Amino acid sequence: MPLKYPRAKGTHDLFPGAASWEEDSHRCHYLEDIFRGVSNLYGYSEIRTPVFEPTELFTRSIGEATDIVSKEMYTLVTKGGDSLTLRPESTAPVLRAYVQNSLYASGGVSKLFYCASHFRYERAQKGRYRQHEQLGVEALGADDPALDAEVIALALAFFRRIGIHNLTLKLNSVGSLESRAAYLVALKEFVLPHLPEFSGEGQARFETNPLRLLDTKNARELEILSSAPHLSAYLTDEERLHHETLIGYLTDAGVDFEPDPFLVRGFDYYTKTAFEIQSPDLGAQNALGGGGRYNKLVEQIGGPPTPGIGFGLGVERALIALQALAVEMPPPPCPTAFIIIQGQSARPVGIKLLSDLRAAGIAAETDYGSRSMKAQMRAADKAHARYALILGDDEVAQNVIQLKNLYDSWQHTIPLAEAVEWLSSDGPPAR
Ligand code: HAM
């Protein structure tokens, strides 16, 4: 039957037990919990920013000529005439919040993490959605390569904890706005004689955003670019030293990486370090996460000169990789007790016990709708409850309840008044 109101293309519903792991609410929550834990371990605290921001924040910081700004933003004009955009990424909003709330005033490095939805009008396919979840961090206030190493280590620690070990870390330095400008002159000079061989998109990038020429997947363009000048030759001594020091820290920590002189990423704000974490277990959308330094962005957004670095990791892509690898995850929490109620006089007593158990912090469930005993037992099994508490009119008459351990089928008749105590963590009452 055709759906009357299907969800918008490129979006998901998340619900318990979904067959595709990226749609499973429990698995998504589990990744967020691990990410919170790892972020706390590294000294990062949570920041939440609005889902929409003034459009100009994104156009100015991400760059007018980027794919995100030129093609992918969900922008709306309010009744008051303001242009607002659903956040396509969180770096600019986090920096806006950092400036607006004077977080720099406390001095030192502000270390922030987020779990947030992002919106990009992309060609939807497996691993590429119009609404996606990112786990990210931004560390603001130091231009120290040790901070770059920390941010990269945090991302890798997260993937290790969730069980993704087969990763490629691609690393590059994209220099400063100035060194990049000098490089772009050389790159354009190199490409110009070959330009007729470039695709329409390549030719457009040549005009509007030549650095993005390096990001092509077109075989002929890659062949031509294989002998193009490298940005590394245009870095200043200070930028080169930063990069070499970072490489030293990564090497000392035993972190494997692949230098990738073509890694430029789709944002204009990056300076110096740029990195991407890829998984061979994903298909075309193999980037599990990416990030880099943005030493001019806080200033551009109207704050004091403040260097920073961060990353974003895609939750859906991590879940797709975990499913491909069949990595085990802890099951969702199960109720301790499942109350099975049979008979009219048992009903209010069972409902009261349900509320007493929950008030005592014991996860308890029941089956609504007065179904047969067999159906209720099946529901208790399906919920993976540890105990069934069986209450019929006879038990109510005698003030008792049947306590059945569903894991090993052991069964006792116990006084109704002691049921909460039996199931509390302290165990059954002393005799
Ligand atoms: P990004 O590379 O655009 O970076 O996104 C980060 C990650 O989010 C990607 O590697 C990918 O795993 C996931 N992702 C991005 N777009 C989609 C999509 N349409 N569908 C599914 N997953 C997606 C940023 O957004 C930067 N703000 C990261 C950053 C933070 N740089 C510095 N600080």
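## A326 and the end of helix 11

A326 is exposed, because its relative accessible area of 56% is over the 50% cut-off. This is a predicted model, so keep that in mind for everything that follows. A326 belongs to the loop that runs between helix 11 and strand 12 (337–342), and the residue comes just after helix 11. Its backbone deserves a look too: phi is near 50 degrees, a positive value in a residue other than glycine. For context, most residues other than glycine have a negative phi.

You'll find K272 in the loop between strand 8 (258–259) and strand 9 (273–278). Is K272 buried or exposed? With 6% relative accessibility, K272 counts as buried.

## Helix 11 under cover

## Helix 1 against helix 11

Two packed helices are described by the angle between their axes and the distance between the axes. For helix 1 (residues 25–41) and helix 11 (residues 315–325), the angle is about 110 degrees and the axes are 11 Å apart. That angle falls in the 65 to 115 range, so the two helices are roughly perpendicular to each other.

On the helix 1 side, the contact is made by R27, C28 and L31; helix 11 brings V315, A318, L319 and L322. Sorted by class, that contact has 6 nonpolar residues, no polar ones and 1 charged residue.

R27 turns up again in a charge-over-ring arrangement: it lies over the face of W21, 3.7 Å from the ring centre. There's another case of this at Y121, where the charged end of R130 sits over the ring, 4.1 Å from its centre.

## Aromatic pairs

The structure holds 12 aromatic pairs. One of them joins Y98 and Y104, with ring centres 5.8 Å apart and planes at 65 degrees; an angle over 60 counts as edge-to-face, so that's the label for this pair. Y269 and Y270 also form an edge-to-face pair, at 4.9 Å centre to centre and with 70 degrees between the planes.

Which residues form one aromatic cluster with F35? F113, F158, F159 and F311 do.

## L103, beside the tyrosines

Not counting residues up to four places away in sequence, L103 touches A97, Y98, S110 and L112. L103 itself is in the loop between helix 4 (91–100) and strand 5 (110–119). The residue is partly exposed, because its relative accessible area of 29% lies between the 20% and 50% cut-offs.

H243 is found in helix 9 (residues 237–252). It has 16% relative accessibility, and anything under 20% is buried, so H243 counts as buried. Which residues is H243 in contact with, leaving aside its neighbours within four places in sequence? They are L171, N172 and S173.

G350 is in helix 12 (residues 346–359) and is buried too, with a relative accessible area of 1%. Leaving out residues up to four places away in sequence, G350 touches I339, I341 and L391. G350 and S372 are 22 residues apart along the chain, and their C-alpha atoms are 15 Å apart in space.

Definitions and conventions:
Residues numbered from 1 in each chain as written. Predicted model: local features only at pLDDT ≥ 70, side-chain atom pairs only at ≥ 80, totals over all residues. Heavy atoms only, no water. Phe/Tyr/Trp six-rings, centres within 6.5 Å; stacked < 30°, edge-to-face > 60°. Lys NZ or Arg CZ within 6 Å of the ring centre and 35° of its normal. Axes fitted to C-alpha atoms, helices over the stretch in contact; angles between N-to-C directions. Helix = DSSP H or I, 4+ residues; strand = E, 2+ residues; numbered from the N terminus. Parallel < 35°, antiparallel > 145°, perpendicular 65-115°, else oblique. Contact = heavy atoms within 4.5 Å. Nonpolar A, V, L, I, M, F, W, Y, C, P; charged D, E, K, R; others polar. Buried < 20%, exposed > 50% of the residue type's maximum accessible area, 1.4 Å probe, protein only.
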